[in-house]
Amino acid sequence: MIETNQIVINTCLLAGRIMIENGSEMSRAEDTMKRIAMNSGVNNLKIFGTITGIIVSIPNSMDSQVEGINRRAIDLEKVSAVNTFSRRYAAKDITLEEFYEKLNTLDEATPSFPFWLQVIGAALVSGPLMTAFSGNMVDLGITTLTGALGYTLFYFVNRILNIKYISEFFASIIIGIIAVFAVRWGWGHSIDDIIIGSVMPLVPGVPLTNAVRDILNGHLVSGPARGIEALLSACAIGFGIAFVFRFL
Amino acid sequence: MQLLLEFFMAGIATIGFGIIINIPKRALIAAGAIGGVSWTIYWAMLQVRLGLALSALTATTVIALLSLYAARRMKLPMIIFNIPGIVPLVPGGQAYQMIRNFALSNSDMATHFMLEVGEIAGSIGIGFLMAEFIDRLQRKIIITLKEHKQRSKSKSANNTEKE
């Protein structure tokens, strides 16, 4: 029994960590963890989940574990994979050990969309969204290009240096410089439109909204913490652009 | 015409964001359609001057209801549809404008954008709650109606037995 409890706790923690790391709201992660425990015969799992760490315990057996969460990104394929495994486990399609194994491989897996496709995604976000916002068709091409370049820089700085917020800062500096010169050389019309469109793939709109949803769901620790993180990356982007405007 | 353009632009942007955040490939088109529809609603409501908060609230409720439907239909978690769907609405642009204006010391513009960020983010949060409320209400009504039907059926069955 002690052995099984150990595995149940480990599986719950791993599933919870993967879900929170990859952009799920707190209530969804906690719900999944409770379900996994319930399907393993543990009915009174206690969870204290925050955005930076989870504590899980089974009261009767005095077992408890802590799991820290150090990085947060958005990768919904992983969230949906955890959900699928949890569903299959509930249907007794896979055993608890297999479930744990699968989660481990999932945790180490790399994103399935290749880098070039992500750049195309960023291009699709920046140009069309700018047109949707302002109805400005003239700057569609240059905004798409600038957005793709900015995202490429963001991706590589993030991968090579791995310092939070610096990648956003550099990417927005480059976006600002391109926008200013594009307008100066007559390739674009409105600096503001080009910049707003191009920073769209980088701005933390979704974390900001998730923060509000967490607060409304009663996660009063995680919500504001998420909000602060979103505010910091908005600061990095805004300061990058302001930096360019000061000197050019 | 303009409406159609807005729909396609927002739909394409939603699909693009879906690629960045790595949603399963079979969900891309559905997510794009949800994003396009909700943005068109939001845009049309803004054009007739119904205000930022009400428009965002309505659009988000539509997103959440459509995502719920799509999630049940395709057996995928709901956030795969609603996170890309809210991308056109989300106040990322305003958050950036706020910081930029603070950095360039245009405080009144900065405050204006700060209020907009709060307004939109709050509306989106409440919109999701609203959709959950509608969904639960609907389920409750269906269950109650079913129970009612069964009860009346068993009642009539009892009546016939007595007779």
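In what order do the elements of chain A run from the N terminus on? In this predicted model, the order is α-α-β-β-β-α-α-α-α-α-α-α-α.

**Figure 1. Secondary structure and dimensions of chain A in the predicted model.** Chain A holds ten helices and three strands. Along the principal axes, the C-alpha atoms of chain A fill a box of roughly 75 × 35 × 35 Å.

**Figure 2. Burial and contacts within chain A.** Chain A has 248 residues, of which 46% count as buried. When contacts between residues at least 6 apart in sequence are considered, 65% of those in chain A join residues at least 24 apart.

**Figure 3. The contact between chain A and chain B.** Chain A contributes 44 residues to the contact and chain B contributes 39 residues. On the side of chain B that touches chain A, at least two residues each come from helix 1 (2-20), helix 4 (79-85), helix 5 (92-103) and helix 6 (107-162) of chain B. Helix 1 of chain B supplies the largest share of this side, ten residues. By class, the side of chain B that touches chain A comprises 31 nonpolar, six polar and two charged residues.

**Figure 4. Spans of chain B annotated as "transmembrane region".** An unreviewed UniProt entry places this feature at residues 6-23, 28-46, 52-71, 78-99 and 111-131 of chain B. Residues 6-23 of chain B are 83% helix and 0% strand, and the end C-alpha atoms of this span lie 23 Å apart. For residues 52-71 of chain B, the span is 100% helix and 0% strand, with its end C-alpha atoms 28 Å apart.

Notes: Residues numbered from 1 in each chain as written. Chains lettered and ligands numbered in written order. Predicted model: local features only at pLDDT ≥ 70, side-chain atom pairs only at ≥ 80, totals over all residues. Helix = DSSP H or I, 4+ residues; strand = E, 2+ residues; numbered from the N terminus. Buried ≥ 20, exposed ≤ 12 C-beta atoms within 10 Å, placed from the backbone. Contact = placed C-beta atoms within 7 Å. Nonpolar A, V, L, I, M, F, W, Y, C, P; charged D, E, K, R; others polar. UniProt positions renumbered as here; feature names shortened; annotations may be inferred.
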